[in-house]
Amino acid sequence: MCAMVSSSAIAQTLDSVITFNNGVLKNKWTASNRFRIQKLDSVSAYSNGGFEKKWKTSSCRIVMAAVAPITPRDVMKGKPLRKTGNNVGGNGKDTRTWPSQQQIETIRSLDSWAEEAILPLLKPVEKCWQPQDLLPNSSTDTFMDEVLELKQRASHLPDDYLVCLVGDMITEEALPTYQSVFNTFEGVRDTTGASPTPWGVWVRAWTAEENRHGDLLSRYLYLSGRVDMKMVEKTTQYLIGAGMEAHIDNSPYNGFIYTSFQERATFISHGNTARLAKEHGDSQLATICGMIASDERRHEIAYTRIVSKLFEVDPNGAMLAFAEMMRKKITMPAHLMFDGENSNLFEDYATVAQRCKVYTAKDYTDIMEHLIGVWKVEKLRDLSSEALQAQQFVCSLPSRMRKLSERAHDRVNNCSTQAEQRNKAFSWIFHKPVML
Ligand SMILES: [Fe+2]
Ligand SMILES: [Fe+2]
């Protein structure tokens, strides 16, 4: 549905509230879009929150070509991809100011360092576990018995735990998106698909290691008989089709800060599902999640080591990038998750993960604090005035966020005591309700 609206209905700046006279859109713009709207004549607004058209000012200068992200619902409707993206201005020219040429040159100067310091963190294929090592072998006579044992162990897993495990698995299964996002990082992307640079070698081998995670969890869940695999598989297809918005803006600095954060987040999340599997009596699943977590930890070491190097060779640039990513907040890779039914699926899954203590707001703050420590941010000296401000902002964040998450935690507890918590049916577990 497209609704024409007049310029009088549009706020002047992107970070203002936007309300259309038909009431369709609100709060759809943020400063991170890096555009300013000035005297727009009109725009085309869609009920899903997207802008589809660019329009001229009265002086006929095109000032905006910003578009909203494709949503899972767009994918469901078969909406075609747009030709323009966040980096393309209304005149069709690339309007990016980031990453700077200096960032690109700095990262390119680290090729030989990456070969020596990063590539050894990859595990040779012959030394890697494979999903088959941890699952019943269908070529043996004992296969059916082993499957029955697996199903028996899995029968004790609570529904909310399964929701967390499925969400984690689907996040892993959207791996094509993550490789695509890595290949948007200027200066390190795999330019041919088989680039011999250390960065090209890394991204392909990292992807290959990650590929085992989704495979293993998916096969385990299939054999467990506890989840509606068709709904799970549909969610994966929707998610890969929808992609993700990591707000990295092609910057390798931003990108490696994002991946450092995310690898630690997955390390924590899989570590917690391992701990809970053991508590629920499924020791084999505990081993599975633990093996995946150990891969994530190794990846975290690689990405944090890259950012440590950036802080060493370009402390001002790295500091500014770290502050920028913290301001934007780290989006979860599966935030566009959709199963064809629940348009709030990711938030519901994240709420269950928070309640089950698989991944919590406290974990987010802990990761931030951990990275500040690993990169020795508080000890940085002789920064530019802008980077000094960024340093102060970043170092003050964990305590501010801890206060916020404590308040949120109190609210949840109050809800719990007041019996105000809601149940939500998840298609992944045959529409059984789970407490949010
Ligand atoms: Fe993974
Ligand atoms: Fe990983």
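Is cysteine 128 buried or exposed? In this predicted model, cysteine 128 counts as buried because its relative accessibility is 12%. Cysteine 356 is likewise assigned to the buried class, on the basis of a relative accessibility of 16%. The cysteine sulfur closest to that of cysteine 356 belongs to cysteine 164, and the separation of 4.0 Å is too far for a bond. A disulfide is a covalent bond between the sulfur atoms of two cysteines. With a cut-off of 2.5 Å between the sulfur atoms, the count of disulfides comes to zero.

The metal site was examined next. The iron ion (ligand 1) is coordinated by Glu172 through two OE contacts, by Glu210 (OE), by His213 (ND1) and by Glu296 (OE), at distances of 2.0 to 2.4 Å. Along the chain, the donors of this iron ion (ligand 1) follow the spacing E-x37-E-x2-H-x82-E. A separation of 3.9 Å is found between the iron ion (ligand 1) and the iron ion (ligand 2), and glutamate 210 coordinates both. Glutamate 172 is located in helix α5 (residues 159-173) and glutamate 210 in helix α7 (residues 198-224), so the pair ties together parts that are 38 residues apart in sequence. Glutamate 172 counts as buried, with a relative accessibility of 7%, and glutamate 210 counts as buried at 5%.

The largest nonpolar core comprises 110 residues, and those with the most contacts inside it are Tyr220, Phe256, Met319, Phe322, Phe426 and Trp428. Helix α10 (residues 283-313) supplies the largest share of this core, 11 residues. In soluble globular proteins, nonpolar side chains tend to be buried together.

Buried positions in α8 are Met229, Met231, Val232, Thr235, Thr236, Tyr238, Leu239 and Ala242. An α-helix has 3.6 residues a turn, so residues three or four places apart point the same way. Glycine 243, with a positive phi near 80°, follows α8.

Strands β3 (residues 423-426) and β4 (residues 432-435) run antiparallel and are joined by four bridges. One of the pairings involves asparagine 423, whose bridge partner in β4 is methionine 435. The two strands, β3 and β4, form a hairpin with five residues between them, and phenylalanine 430 in the turn adopts a positive phi of about 60°.

Methods
Residues numbered from 1 in each chain as written. Chains lettered and ligands numbered in written order. Predicted model: local features only at pLDDT ≥ 70, side-chain atom pairs only at ≥ 80, totals over all residues. Heavy atoms only, no water. Pairing = 2+ DSSP bridges. Donors = N, O, S within 2.8 Å, 3.2 Å for Na, K, Ca; no water. Buried < 20%, exposed > 50% of the residue type's maximum accessible area, 1.4 Å probe, protein only. Core = buried A, V, L, I, M, F, W, Y, C linked by side-chain atoms within 4.5 Å.
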